[in-house]
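Good morning, and thank you for joining.

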Amino acid sequence: MCGIAGFYRSALPPLEYPDLIHGMLAQIEHRGPDEAGCFLDDRLAMGTVRLSIIDLSTGSQPIGSPDGRYWLCYNGELYNYRELRDDLTARGFVFRTESDTEVVLAAWATWGHDCLPRFNGAFAFAVYDSVSGELHLVRDRFGKRPLFVARHGGAWLFASEMKAFLAYPGFRFEFDEQQLSSVFATWTPLPGQSGYRGIEQIPMGEYLSVRGDEVRRGRWATLDLTPGPAPRSEQEAVELVRAELEAAVDVRLRSDVEVGVFASGGLDSSIIAHLAAQRTDGQLRTFSVEFEDVEFDESAEQNELAARLGTRHSTVRVADSDIVEAFPDAVRHAEVPVFRTAFVPMYLLARHVRDEGVKVVLSGEGADEAFLGYGIFKDTRLLAEWHTLDNDARLSRLSRVYPYLRHLSGEDGHRRMLGLYQQFTEESLPGLFSHQMRFQNGRFAVRLLRNAGDPFAAARQLVAQEPGYAELSPVHKAQWLEFRTLLSGYLLSTQGERMTLAHGVENRCPFLDPAVLRRAASLNLRFGDPDDEKYLLKRAYEDVLPERIVKKGKFPYRAPDSAAFVRSRPDYRDILTDPGTLDDIGVLDTRFVRRFTDRVFEGPPERIGTKENQAFVLLASTVWLHHWYVRGLARRDAPLGVPLHVVDRRGSALSARTESV
Amino acid sequence: MQQELRSYMEEQFMFEFDSEITEDTDLFKAGVLDSFGYVSLMAHIEQHYGVRIGEEGLLDNVRVSLSGIVELVEAARERTAGSR
């Protein structure tokens, strides 16, 4: 895995490009500490910091096409690169390296944008046509790898992580209050959002091409949830699931370095660990987080899995104080506001994995989205069918939806929930029916902001502009929203690759193989009890996994939120309410922040519910983001730890070379 | 009852009734109430006012405002008294 950064059409003199690109790459060196390289000409500077995974010896970047026309800075892995390489070789392309990067470049040179649907991988890259002067910025179909773009003084800046922009002269971060309002209400930045003015993300499955003043944006991959033909029997369905997942794990084990597995103790990562263990020569390594707080701990399941599969298992034990102490650094890597602390233990786990000498891990991410594992999908079905059910049927369904949420459990609790659910049986936020209850709870955090505006305007616009969205079923709309918001905006990014790559560890997600998703779309809700989430996955692996893991039911991975701060660092109350800081941040409603913070630190813990926890973590992360980005203290002044390999095509360099000949 | 409920809500949900959030305001839409708060509020009403929520479509189409809830509880009490 790697990180890329660059700028295009800068008003600054090309003479300064080497120092500028060096500075930008130094900000993201954690993503790729093994090598660094850059390409320069008079219009563009772009570079890569590389984490060597495939073709360790010759896969260096930047890489140019044999005729010197195309140049590529690439962050990612192309899992089907061997197949594409064979295809391109048959067309006469002669490869100089064994790397997937060269395959991406050759595919681009051969097919242009049309190469993208052929790619099975996690990637974001910049490819430059030095003849036409056109720069293309591209992101993978699920948004697994990041790519941010900013405009500054006429220049286009781009980078895997926004912190690279801190090294560009005169660039300043400023919170975008409307985006913060949307993030606070809906939990995550929406696909194009960053949380800051003037910085956008290339949305998943899209590209941005710039040539002079001409800008083209396009989408190369849509999220197709249309079911294909149903298998004839449950047994056939089970076999299809197994075959697809085996293939997805096979290609993700392609690596020239050891591959481990994040094993949470849940069903999804246990399946991945089982498949990887079967395919690993020697002993597979598994890695887990253990919590001191038993409410969140799954070490019993993790240990049983490790024993069953015979893996070499190691853990990081996380206490309240560990979460609070690592929070500022983890937020620095997250770069965007965060609504729960569960990303921090992943930061600590990734550090442990790196210290153990492992650079690549597989995880179970994506299974809940692909195979409808979340309660929100059951909620959506129930709410959509509400008016066709009597109260007994509603109660029976309700009691199965969220058995793990204490405050909603129990006979009285479920009866009271009838009235609650009733509030959400009509679509009051157009297109967002499935997520109305979640977003409703997010309104509380919006009260932290001074001028929130309409927190749902951006989300409504997102679905209103999506071709074909209105025709989707309620569950498919919910699924689409999960892919486009929580998965890419938090799970794959803040809790995923931003934490692992903070320590130079690459994560891979077999459940997000396009073929697995297509298969899941054809199987979902066609077999078994629809309220028994991930029914087919359980059937497919119940014989090989510990029974307690298969029978446990959905147990969301979470960590202590506000309680961790209250219990271990009461001084955070002063940090979060410091008048100078709040004035400086500007966008927060100082009075409400004080009142809310007092409630969290003074009130009885049982009064602190989900919405308070989310608001608390959003507030704390915003305060730290202000420190790191708006005040600019995330900027690192140290140079790259490895030499910067420079491909210099600037006019000055060429003329100097000519003169010396 | 109205005054007690009003104080309970203001304290629990961290807001004050004013010109923006009135006794007729839908507390969901105002961002004051979430699902946890709603379930807590219903438990509070049941325990303090001797009514059971969620039976006979009690909350169907009731707006979750202070005035709406007061009306609901009063109607439920009358029904209970009438059935004695």
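**Helix packing, cores and an annotated site**

In chain A, the axes of helix 5 (residues 234-252) and helix 18 (residues 514-523) come within 9 Å and cross at roughly 165°. Helices here are DSSP runs of H or I with at least four residues, numbered from the N terminus; axes are lines fitted to C-alpha atoms over the stretch in contact, with angles from 0 to 180 degrees between N-to-C directions. That angle makes helix 5 of chain A roughly antiparallel to helix 18 of chain A, the term for angles over 145 degrees.

This is a predicted model, in which local features need pLDDT of at least 70 and side-chain atom pairs count only at pLDDT 80 or more, while totals for chains, interfaces and linings use all residues. Residues are numbered from 1 along each chain as its sequence is written, and chains are lettered from A and ligands numbered from 1 in the order in which they are written.

Next, the cores: sets of buried Ala, Val, Leu, Ile, Met, Phe, Trp, Tyr and Cys residues joined through C-beta atoms within 7 Å. Buried means 20 or more other C-beta atoms within 10 Å. The largest nonpolar core has 204 residues, and its largest share, eleven residues, comes from helix 25 (residues 610-630) of chain A. A second, separate core of 29 residues includes V401(A) and F15(B).

Finally, the unreviewed UniProt entry annotates D100(A) as "binding site"; such annotations may be inferred rather than shown by experiment. D100(A) lies in helix 3 (residues 100-111) of chain A and is buried, with 26 other C-beta atoms within 10 Å.

Technical notes: Helices (H or I, at least four residues) and strands (E, at least two) are DSSP runs, numbered from the N terminus. A residue is buried if 20 or more other C-beta atoms lie within 10 Å of its own, exposed if 12 or fewer, and partly exposed in between; C-beta atoms are placed from the backbone. Angles under 35 degrees count as roughly parallel, over 145 as roughly antiparallel, 65 to 115 as roughly perpendicular and the rest as oblique.
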